[in-house]
Amino acid sequence: MKNLLGVMQGRLLPKFKNRYQAHPLGYWQEEFPIAKSLGLDCIEFILDYNDYEKNPLLTDSGISEIQDTIQKTGVKVVSVCADYFMEAPFHSADSGIVETSKNVLSLLLKNGKKLGVKDIVVPCVDQSSLKSDSDKKVFFENLSPLVKEAEILGINLSLETDLEPKQFLDVIKIFNSKAVTVNYDIGNSASLGFNPIEEFEIYGLHITDIHIKDRKLNSGSVELGTGDAKFEKVLKKIRELNYSGPFIMQAYRDDEGLEIFKRQLDWVRRNFLIE
């Protein structure tokens, strides 16, 4: 099976409100024909916390417009990066925040099914990091009802964390569900100093969505191939595991977006794609 190759939403367009990563509210449609022209298979949609109620993923009319755009261009939406939950995590001490997040994810699951979404990435990094056993316990208790919904709908809740590999696997295992999986971010793991061989050996079979990114150790994003990511080792393990999910380019961007993406897309096609 050929892996789908896609891009994180907004990377082919000028920055939205000068934000490095955001749903380009009001002009998201423009990215799909560009992605088609570049031979990309899919776009990983973003659900932001800001203006989330205006995101087309959460309205009937929005879903219809996304469906029409997919039909016109052939560029799919098979995954969603739910950055919303970085600002409103399931282990928040505020019960009101948690209840709203549950409702948002429930609606996102139902609407995602209509689009053919297979993975919803739930980030547990930065301000939503699982810093303690208590965080993990509350996270499990509050997310579990949504895991049941995900199972019924056939959608993965793909967790992205900054935990060491064994601790990450422990979090996956407590759910005891095939619907709770791993989003593997190549650049973030490099920045954290993790060994990709160890990561893949410990939780590789649970990976269902991969973000292609490069970062320096303990630092930010850089152009692909110029940071500390061990792409050759990652590719070796991906091949061994017969990974069948998508590759989503979340690579370094500038204010304009498109030309620097084209350069890095060429790098990916020369150095990373599995035929």
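Student: How does the lining of the largest cavity divide by class?

Tutor: By class, that lining has 3 nonpolar, 3 polar and 3 charged residues. Ala, Val, Leu, Ile, Met, Phe, Trp, Tyr, Cys and Pro count as nonpolar, Asp, Glu, Lys and Arg as charged, and the others, Gly among them, as polar. Keep in mind that this is a predicted model, where local features need pLDDT of at least 70, side-chain atom pairs count only at pLDDT 80 or more, and totals for chains, interfaces and linings use all residues. Numbering runs from 1 along each chain as its sequence is written, and side-chain values use heavy atoms, without hydrogens and water.

Student: Which residues line the largest cavity?

Tutor: A cavity is a set of points on a 1 Å grid over the protein atoms alone where a 1.4 Å probe fits but cannot get out, and lining residues have an atom within 4 Å of a point. Here they are Phe16, Arg19, His23, Leu25, Asp48, Asn50, Asp51, Tyr52 and Asn55.

Student: What lines the second largest cavity?

Tutor: Its lining is made up of Gln9, Gly10, Arg11, Pro14, Lys15, Phe16, Arg19, Tyr20, Gln21, Ala22 and Arg253. These divide into 4 nonpolar, 3 polar and 4 charged residues.

Key. 1 Å grid on protein atoms, 1.4 Å probe; cavity = no way out; pocket = protein on both sides within 12 Å on 5 of 7 lines; lining within 4 Å.
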